[in-house]
Each structure stands twice: as structure tokens, then as C-alpha cells.
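Please keep the sequence and the model open while going through the points.

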Amino acid sequence: MNLSKKSRYGITALIDLAVYAKDQCVQLSSIAERNNISVKYLEQIFSSLRKAGLVRSVKGPQGGYLLAKRPESITVADVIHALDGSYLLEDERSVVSGTDGKGISTAIQKLLIDQMNDQTDRLLKQLTLRNLVDSSMEYSQVGHEMYYI
């Protein structure tokens, strides 16, 4: 499994949105500037996130984006699925052909791929945007509490 740049940027942008869009819409240009992401790329990402029902857009001069759900209701699995589709490893049986490799491919599937997919799925469905926002805020404050003599 590879976490694509699109998913990484999407997760980053949603954390930013959750932090800054508490009382008002946030424009993509603000998210782009704070996180050093291309506005054009964010437009593509937010189009997919909007279609998946994770964000909503507001038109007009004070418009922008808001989360469509509470941060604790948005999982990392939701985000990755909206941006990249399935995050699970490909079924081993579709890779190996022929009867000689059937036992080997079944062993790889059952003992490796299925278990990796189960663990990945469990992690990504448990980890919410709220968890990421809270952790990012905590990590941001760690450096501010240091004093040097």
C-alpha cells in the first residue's frame, strides 16, 4: 500500500479546514498558502471530497469550504477512499495464474495479504479527523513551550 500524494494533501487540507473553519468558510487559497499546496491541485481534491460528502462549498464573496460532517465522524478511510478508491492490497489470486502456484498464492493471500488488509482497514476506520486535529495541535504546541537559557 502506498499513501498517495493526493491522499496526503487531502488529509492535510481537511486538518487545516477543521482548525480554521469553526465559524466561517475557508477559501482554498488560504489552505494552499498555509500548507504549500497548489490551489489547482486542491480544487481537484476538494471536488472529490465534496462528491463524497466530506466537505461542502459555499458560493459568494465570503464563500469557501466547510466540513460537511463533524471531525469525529470523518475517518481516514473515508478520505482515502474518496480520493484514491480502495486502499487495500490487491488480491494475490488475481496476480498468480496457473495451477502450480495455487497453494503458494493461497498461503500468501491468507497469511499475508488478508491480514495486512484487515489491520490497515481497522486502523484507517478507527483514525478520525478529530484524532489528527488534536494530535497536530498538540505537536504544534510542543515546540512553543521550550525555553532556552
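1. Tyr 9. Tyr 9 lies in helix H1; helices here are DSSP runs of H or I with at least four residues, strands are runs of E with at least two, and both are numbered from the N terminus. Tyr 9 is partly exposed, at a relative accessible area of 25%, since buried means under 20%, exposed over 50% and partly exposed in between, with a 1.4 Å probe and protein chains only. Leaving out residues up to four places away in sequence, Tyr 9 touches Ile 37, Tyr 41 and Ile 45, where contact means heavy atoms within 4.5 Å. Tyr 9 and Ser 38 are 29 residues apart in sequence, yet their C-alpha atoms are 9.8 Å apart in space.

2. Basis of the model. This is a predicted model, in which local features need pLDDT of at least 70 and side-chain atom pairs count only at pLDDT 80 or more, while totals for chains, interfaces and linings use all residues. Residues are numbered from 1 along each chain as its sequence is written, and side-chain values use heavy atoms, with hydrogens and water left out.

3. Overall layout. The protein has 6 helices and 2 strands. Read from the N terminus, the order of elements is α-α-α-β-β-α-α-α. Of its 149 residues, 31% count as buried. Among contacts between residues at least 6 apart in sequence, 65% join residues at least 24 apart.

4. The nonpolar core. The largest nonpolar core holds 32 residues, and Leu 17, Leu 42, Phe 46 and Leu 49 have the most contacts inside it. Such a core is a set of buried Ala, Val, Leu, Ile, Met, Phe, Trp, Tyr and Cys residues joined through side-chain atoms within 4.5 Å. At least two residues of this core come from each of helix H1 (5–20), H2, H3, strand E2 (64–67), helix H4 (76–84) and helix H6 (129–142). H1 gives the largest share, 6 residues.

5. Leu 17. Which residues does Leu 17 contact, leaving aside its neighbours within four places in sequence? They are Val 26, Ile 31, Phe 46, Val 55, Tyr 65, Leu 66 and Leu 67.

6. H1 against H2. The axes of H1 and H2 come within 10 Å and cross at roughly 115°; axes are lines fitted to C-alpha atoms, for helices over the stretch in contact, and angles run from 0 to 180 degrees between N-to-C directions. That makes H1 roughly perpendicular to H2, because angles of 65 to 115 degrees count as roughly perpendicular, under 35 as roughly parallel, over 145 as roughly antiparallel and the rest as oblique. On the H1 side, Thr 12, Ala 13, Asp 16, Leu 17 and Tyr 20 make the contact, and on the H2 side Ile 31, Arg 34 and Asn 35. By class, this contact has 4 nonpolar, 2 polar and 2 charged residues. Ala, Val, Leu, Ile, Met, Phe, Trp, Tyr, Cys and Pro count as nonpolar, Asp, Glu, Lys and Arg as charged, and the others, Gly among them, as polar.

7. H2 against H3. Helix H2 (residues 28–35) packs on helix H3 (residues 39–51) at an angle of about 120°, with the axes 9 Å apart. H2 is therefore oblique to H3. Their crossing is right-handed. Leu 28, Ser 29, Ile 31 and Ala 32 of H2 meet Val 39, Leu 42, Glu 43 and Phe 46 of H3. The classes here are 6 nonpolar, 1 polar and 1 charged.

8. Asn 36. Asn 36 sits in the loop between H2 and H3. What is the phi of Asn 36? Phi is near 55°, a positive value in a residue other than glycine. Most residues other than glycine have a negative phi. Asn 36 is exposed, with a relative accessible area of 71%.

9. H3 against H4. The axes of H3 and H4 come within 9 Å and cross at roughly 115°, so H3 is roughly perpendicular to H4. The crossing of H3 and H4 is right-handed. Ile 45, Ser 48 and Leu 49 of H3 make the contact with Val 79, Ala 82 and Leu 83 of H4. This contact has 5 nonpolar, 1 polar and no charged residues.

10. Met 116. Met 116 belongs to helix H5 (residues 102–126) and is partly exposed, with a relative accessible area of 41%. Met 116 and Leu 88 are 28 residues apart in sequence and 8.4 Å apart in space, C-alpha to C-alpha.

Conventions: A crossing is left-handed if the near helix is turned anticlockwise from the far one by less than a right angle, and right-handed if clockwise.
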